[in-house]
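Have the viewer open while you read.

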Amino acid sequence: TPLAWEVAPWGRWQLTAENETHRLTLVGKARDAGGWVRVPTREGLQFLCRDTTHGELQVQLWSKSDSALPIIDASSHLAGLEVGGAPWDSSWIVCP
């Protein structure tokens with residue numbers, strides 16, 4: 001099953017997954033700068049994670065036999081989006 005994603009240091013997330021019959025796409029976008037969140041580390045709690053609960057998320061599912069219109073096309077303007085770890089200076093891209 002091919003799975004690909006691209007995650008920016010902040011502001012955009014995209015995931016695509018497909019199998020023999022269907023393709024799914026998730027796209028998240030941050031509408032704000034997010035807030036820094038403390039996460040546990042060996043040195044104690046550190047501000048190494050940024051998140052928002054006001055992100056935009058779109059979910060689309062297509063049938064490969066008829067890809068003219070998605071089977072599911074849903075979105076939210078209250079999505080929880082997060083980027084964690086440090087330092088993260090460039091996009092994280094994984095393609096099959």
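## Salt bridges and cysteines

R31 has a relative accessible area of 48%, so it counts as partly exposed (between the cut-offs: buried is under 20%, exposed is over 50%, with a 1.4 Å probe and protein chains only). Keep in mind that this is a predicted model, where local features need pLDDT of at least 70, side-chain atom pairs count only at pLDDT 80 or more, and totals for chains, interfaces and linings use all residues. Residues are numbered from 1 along each chain as its sequence is written, and side-chain values use heavy atoms, leaving out hydrogens and water.

R31 teams up with E56 in a salt bridge at 3.8 Å, N to O (a side-chain nitrogen of Lys or Arg within 4 Å of a carboxyl oxygen of Asp or Glu). R31 sits in the loop between β3 (22-29) and β4 (35-41) while E56 is in strand β5, so the pair ties together parts 25 residues apart in sequence. Strands here are DSSP runs of E, at least two residues, numbered from the N terminus.

The structure has two salt bridges, and E18 with K64 make one of them, at 2.7 Å, N to O. That pair also links distant parts of the chain: E18 is in strand β2 (residues 12-18) and K64 in the loop between β5 (44-63) and β6 (72-84), 46 residues apart.

| Residue | Relative accessibility | Class |
|---|---|---|
| E18 | 26% | partly exposed |
| K64 | 39% | partly exposed |
| E56 | 28% | partly exposed |
| C49 | 5% | buried |
| C95 | 57% | exposed |

As for disulfides (cysteine sulfur atoms within 2.5 Å of each other), a search of the whole structure turns up zero.

Methods
Helix = DSSP H or I, 4+ residues; strand = E, 2+ residues; numbered from the N terminus.
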